[in-house]
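Here is a quick tour of a model, written for someone who wants the details by residue. Have the sequence and the coordinates open as you read.

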Amino acid sequence: MNAVEVTDLTVAYGDKPVLWDVDLEVPQGTLTAIVGPNGAGKTTLIRTVLGMVKPAAGQARVLGRPYAEQRQLVAYVPQRGTVDWDFPTSVLDVVLMGRYGRLGWGRRPGQADRAAARRALEQVGMSELAGRQISQLSGGQQQRVFLARALVQEAEVYFMDEPFQGVDATTEKAIVELLRTLRERGKTVLAVHHDLQTVPEYFDRVVLLNVRRIAAGPVAEVFNEENLRHTYGGRTPFFSQNGT
Amino acid sequence: MSGLLALELLSDYTLRTVALGSAAIGVTSGALGTFAVLRRQSLLGDAISHAALPGVALAFLLTGSKAPLTLVIGAALAGFIGTLVVIGVVRTTRIKYDSALGIVLSVFFGVGLVLLTYIQQRPDASQAGLDRFLFGQAAALLQRDLVTMAVLGGIALLLMLLAWKELKLLAFDPDFGTSLGFPMRALDVLLTSLLVVAIVIGLQTVGVVLMAAMVIAPAAAARQWTDRLGLVTALAGCFGALAGVTGAVLSAEAVRLPTGPTIVLCVTGIVILSLVVAPRRGLAWRELRGRRDRRRLRLATVLQDLHALEVQHPGANRGHSEAVVSVMSGGALPSLRELERRGLVRRLGDDAWALTESGRARVEP
């Protein structure tokens, strides 16, 4: 069974297509990068699979079922720029938010949740900063906090939106280690990625996306110049696909 | 004097009602305002309070009653419709959120003023006092107003506490909340409704014109003092209550001013105090820390310079004049004296300075 399965997915904002008839299969236990130029619909793809954007057509399944039935098996790492890091809260508190889903309405996090949060912080090398106010974190530390928050969700499939965005070399290494650990434990990671050079080193599979799916598969097979040119080349990628 | 006032607070029926009522308003609007401020929706409070005015007038026109609950329900409905119009305008037109707030605020307020003027021109005397909804009048609070305010405010705060973790998620990272399966849009509606309640119970006392200050200012002040959401919220509630009680009692007893302005003056005082003296974030604190850092840097520089001079004369146990050091880092005399006091530098002659053993140890790696 595939970890993520997307069929005929089409999303439009107004009359502008953001994703056009996208098919996608992500096998379990793999690290997959979603690659494409700005405005290619990478973030929208993740947000649609996670039910935050309503598709015009098509469907997405996580481990064989619609996402709404599989929430407990999915973790999400949004772009870190989407939140206000001056918010009055601590590192541990943010990580604990990863437990809110399984806690459900009205219940507060308890001892077990705190212990899980501390373990997750340890995994990303941030144990000593548990009590730190989040406005005092560097970009790399912010990203690690978000990763720790995803870890405490104890999920099977991890969706990450640009986890390497603006982080220092140490953090980048730590994140790569973490991704590999997740893969060793049979988890699946689907990450939006910007740095083409590191794709072969960090990921097993790649999805080349520019409104349409240009190519998808093992890095060795599809991550080549021709596909990249198709993805990044034309000014109107959708029509050039049809026209030539 | 203050003891006398406290005694009066306990014994004087009117004053006690005024104080308790303003405290209830302050706690509710301060605590719930924290979420509005953290979500950068401060102006929403202003729009809601202004939009509530036609609701008050219509409620009176339709029912002929001035019972607090009737007017509050009218105000709440109008305030809520106002926010729905804001959302509708943003969704269906190209008008941005802040402009939509401004439009709704002024249109609803204008309609409210027209209705209020119409009511006041009517011959019967029963309309008297509705104009206090403009600038507020705490002295007119009655026991039944107090009960209404306390019950509604209490329910709003209770709901806030029950949905605490979900509201925190809404304020910090709504996308993540959606991915966890929480209905973030419903939570947004809940929070806005609670804010509407917090605002309408204060309208009679503070007035529609200045009620927004009771939503924004306590939270802005509280944020200066702490980095924990729970404490910010609690502190904002306390600040709101403090400003509310002080302002209301002042307006009811000491000065012949409407209550809204006196309360706003009090809460402004709290904000200014917080901006200046709060630890870490306060202006005074930052200034002091800046000075301390500059001074430290200066002492370290002078010490480094003396060492650099000393290295040029290996073996020789001699000092250097202040003028020489000052060439490297101008006006070094005060720093040299301070370093001498700390035992890092010693004076060999009248104007010859050298490192002591501990001074050298501090510089050399």
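Is A:Asp84 buried, partly exposed or exposed? With a relative accessible area of 23%, A:Asp84 is partly exposed. On this scale, buried means under 20% relative accessible area, exposed means over 50%, and partly exposed is in between (1.4 Å probe, protein chains only).

## Ground rules

This is a predicted model, so local features need pLDDT of at least 70 and side-chain atom pairs count only at pLDDT 80 or more, while totals for chains, interfaces and linings use all residues. Residues are numbered from 1 along each chain as its sequence is written, chains are lettered from A and ligands numbered from 1 in the order in which they are written, and side-chain values use heavy atoms, with hydrogens and water left out.

Helices (H or I, at least four residues) and strands (E, at least two) are DSSP runs, numbered from the N terminus. Accessible areas come from the Shrake-Rupley method with a 1.4 Å probe, and for residues only the protein chains shown count as cover.

## A bridge between the chains

Back to A:Asp84, which pairs up with B:Arg40 in a salt bridge, the closest N and O atoms being 3.2 Å apart. The pair joins two chains, because B:Arg40 sits in the loop between helix H2 (13-38) and helix H3 (42-63) of chain B, and A:Asp84 in the loop between strand S6 (74-77) and helix H2 (91-96) of chain A. On the chain B side, B:Arg40 counts as exposed at 63% relative accessibility.

A salt bridge here is a side-chain nitrogen of Lys or Arg within 4 Å of a carboxyl oxygen of Asp or Glu. Searching the whole structure over all chains turns up 24 of them.

## Bridges within a chain

In chain A, A:Glu156 and A:Lys187 make a salt bridge, with their closest N and O atoms 3.2 Å apart. This one links distant parts of the chain: A:Glu156 is in the loop between helix H5 (139-151) and strand S7 (157-161), and A:Lys187, 31 residues apart from it, is in the loop between helix H6 (169-184) and strand S8 (188-192). A:Glu156 counts as partly exposed at 27% relative accessibility, whereas A:Lys187 counts as buried at 12%.

Chain B has a local example: the side chains of B:Arg341 and B:Glu338 meet in a salt bridge at 2.8 Å, N to O. These two are separated by about one helical turn, because they are 3 residues apart in helix H17 (residues 333-341) of chain B. B:Arg341 counts as exposed at 64% relative accessibility, but B:Glu338 counts as buried at 13%. Elsewhere, salt bridges that share partners tie A:Asp86, B:Arg223, B:Asp227, B:Arg280 and B:Arg281 into one network.

Which residues form the negative surface patch? They are A:Glu5, A:Asp8, A:Asp21, A:Asp23 and A:Glu25. Strand S1 (2-13) and strand S2 (16-27) of chain A each supply at least two of its residues, and S2(A) has the largest share with 3. A:Asp23 is in strand S2 and counts as partly exposed at 33% relative accessibility. Patch members have over 30% relative accessible area and no salt bridge; like charges are joined within 9 Å, and nonpolar side chains (Val, Leu, Ile, Met, Phe, Trp, Tyr) within 5 Å. Lys and Arg count as positive and Asp and Glu as negative, with His and the chain ends not counted; a charge is placed at NZ of Lys, CZ of Arg, CG of Asp or CD of Glu.

Chain B carries a nonpolar surface patch of about 610 Å², made by B:Trp225, B:Ile272, B:Leu273, B:Leu275, B:Val276, B:Val277 and B:Leu283. Helix H14 (residues 259-277) gives the most to this patch, with 5 residues. One residue of that helix is B:Val276, which is partly exposed with a relative accessible area of 32%.

Most residues other than glycine have a negative phi. A:Asp8, in strand S1 of chain A, has a positive phi near 55°, and its relative accessible area of 42% makes it partly exposed. A:Leu63 also has a positive phi, about 50°. A:Leu63 lies in the loop between strand S4 (57-62) and strand S5 (65-66) of chain A and is buried, with a relative accessible area of 11%.

## Domains of chain B

Chain B is divided into domain 1 (7-277) and domain 2 (284-363), with bounds from an automatic or database domain assignment. Their centres, taken over C-alpha atoms, are 59 Å apart.
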